[in-house]
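Okay, thanks for coming, everyone. I've got one structure to walk through today, so let me put it up on the screen.

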Amino acid sequence: MLNIIDKDIYTEKGELIKTIDCPKKVSIKDLRKDKDKSLYCNNCEKTILDTEYMSEDNLIKTLKKDKNTCLKISRLNPMFRFV
Amino acid sequence: MSDIEIQNNENLRVIKTIREKDYNRYSLSAEDRDKNYLITKTIEPNEDFFSRRMVLQNYKTGEIIKVTDRKMYVQYGEEVNYPYEQWKELLTYQIYQGSKKDLYTWAMYLVPKDAKNGERFYIEDIIGDIVAERFWSGIYRAKNGVGIWNGKDLEIDESLYEETFMIG
């Protein structure tokens with residue numbers, strides 16, 4: 001399980017892997033859902049990873065490669081613990 | 001499935017809701033009737049809360065399963081497939097994911113008569129089903145929220161439910 005403290009995402013071992021921070025304050029309405037379940041941000045014209053359809057391992061690997069990958073996280077997702 | 005709740009962070013005046021099941025002749029005092037608009041609504045299904053389910057049978061083993069689709073996303077990012085050549089469709093049907101117990105009843109909001117147009121109120125118990133969030137195959141309704149008085153009714157501020165997501 002990943003811990004989210006304020007806007008920071010940490011692994012179980014306490015490693016900071018991502019800070020959620022959208023400078024454009026994008027909302028759900030700004031995202032287009034494509035057929036393959038990916039999300040497209042109309043503001044930045046880039047793909048956002050929907051963590052609803054990802055495994056924890058896959059997410060950690062992705063963020064270790066690129067911390068600037070944008071995510072959408074639901075507070076209902078059991079992969080995350082909101083501290 | 002639990003409803004999505006938001007707090008009265010704006011310290012708004014609170015709107016009371018009375019539902020049919022709780023109503024009796026003593027539910028409203030004379031003062032309640034005098035000082036409030038009684039906004040009464042019937043509760044009917046919201047199309048957004050219907051979702052499809054299927055019953056499939058495996059040709060080889062005879063196993064019968066209930067699924068949301070032939071291709072399903074399940075917990076922790078796994079994708080499960082039930083291909084046509086392996087699974088026969090026995091049934092497709094719809095379920096209602098809103099509050100079934102309240103369907104085809106009525107309820108009322110008590111809105112103070114001194115409400116100003118555009119005033120925001122906190123509603124502890126929203127009448128009817130409003131989608132607050134979708135996650136996996138679940139559709140979650142809003143339990144409470146903010147209503148904006150337009151002179152005749154309260155319009156729910158649905159933008160507040162976006163706070164159940166983090167994006168960035």
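This is a predicted model: local features need pLDDT of at least 70, side-chain atom pairs count only at pLDDT 80 or more; totals for chains, interfaces and linings use all residues.

If you read from the N terminus, the order is β-β-β-β-β-β-α-β-β. How compact is chain A for a globular protein of its length? The radius of gyration comes out at 12 Å, close to the 12 Å that the globule rule gives for 83 residues, so chain A is as compact as a globular protein of that length. Along the principal axes, the C-alpha trace spans about 35 × 25 × 25 Å. Buried residues are 16% of the 83 in this chain. And if you take the contacts in chain A between residues at least 6 apart in sequence, 31% of them join residues at least 24 apart.

One backbone detail while we're on this chain. A:Asp6 sits in the loop between strand S1 (2-5) and strand S2 (8-10) of chain A. Its phi is near 55 degrees, which is a positive value in a residue other than glycine. Is A:Asp6 buried or exposed? Exposed: there are 8 other C-beta atoms within 10 Å, and the cut-off for exposed is 12 or fewer.

Okay, on to where the chains meet. Chain A puts 21 residues into the contact and chain B puts in twelve residues. On the chain A side, the elements giving two or more residues are helix H1 (56-65) and strand S7 (71-74). S7(A) gives the most, with three residues. Sort that side of chain A by class and you get eleven nonpolar, five polar and five charged residues.

Three bridges join S7(A) to strand S14 (residues 165-167) of chain B, and the two run antiparallel. To pick out one pair, A:Ser74 has B:Phe165 in S14(B) as its bridge partner.

In soluble globular proteins, nonpolar side chains tend to be buried together. Here, the largest nonpolar core has 22 residues, and those with the most contacts inside it are B:Tyr109, B:Ile123 and B:Leu154. Several strands of chain B give two or more residues to this core, including strand S1 (13-19), strand S9 (120-123) and strand S13 (154-156). The largest share is four residues, and that comes from S8(B).

What does B:Tyr109 touch, leaving aside its neighbours within four places in sequence? The contacts are B:Ile15, B:Thr17, B:Ile39, B:Ile123, B:Ile127 and B:Leu154.

Last stop, chain B. The domain assignment gives domain 1 (13-46 + 98-164) and domain 2 (49-89). Their C-alpha centres lie 37 Å apart. The contact between them takes seven residues from domain 1 and four residues from domain 2. On the domain 1 side, that's three nonpolar, three polar and one charged by class.

Chain B has a positive phi to look at as well. B:Tyr104 has phi near 60 degrees, again in a residue other than glycine. You'll find B:Tyr104 in the loop between strand S7 (87-96) and S8 of chain B. With 10 C-beta neighbours inside 10 Å, B:Tyr104 counts as exposed.

That's my tour, so over to you.

Methods: Residues are numbered from 1 along each chain as its sequence is written. Chains are lettered from A and ligands numbered from 1 in the order in which they are written. Two residues are in contact if their C-beta atoms, placed from the backbone, lie within 7 Å. Ala, Val, Leu, Ile, Met, Phe, Trp, Tyr, Cys and Pro count as nonpolar, Asp, Glu, Lys and Arg as charged, and the others, Gly among them, as polar. Two strands pair if DSSP finds at least two bridges between them. A nonpolar core is a set of buried Ala, Val, Leu, Ile, Met, Phe, Trp, Tyr and Cys residues joined through C-beta atoms within 7 Å. A residue is buried if 20 or more other C-beta atoms lie within 10 Å of its own, exposed if 12 or fewer, and partly exposed in between; C-beta atoms are placed from the backbone. The radius of gyration is taken over C-alpha atoms; the globule rule is 2.2 Å times the number of residues to the power 0.38. Domain bounds come from an automatic or database domain assignment.
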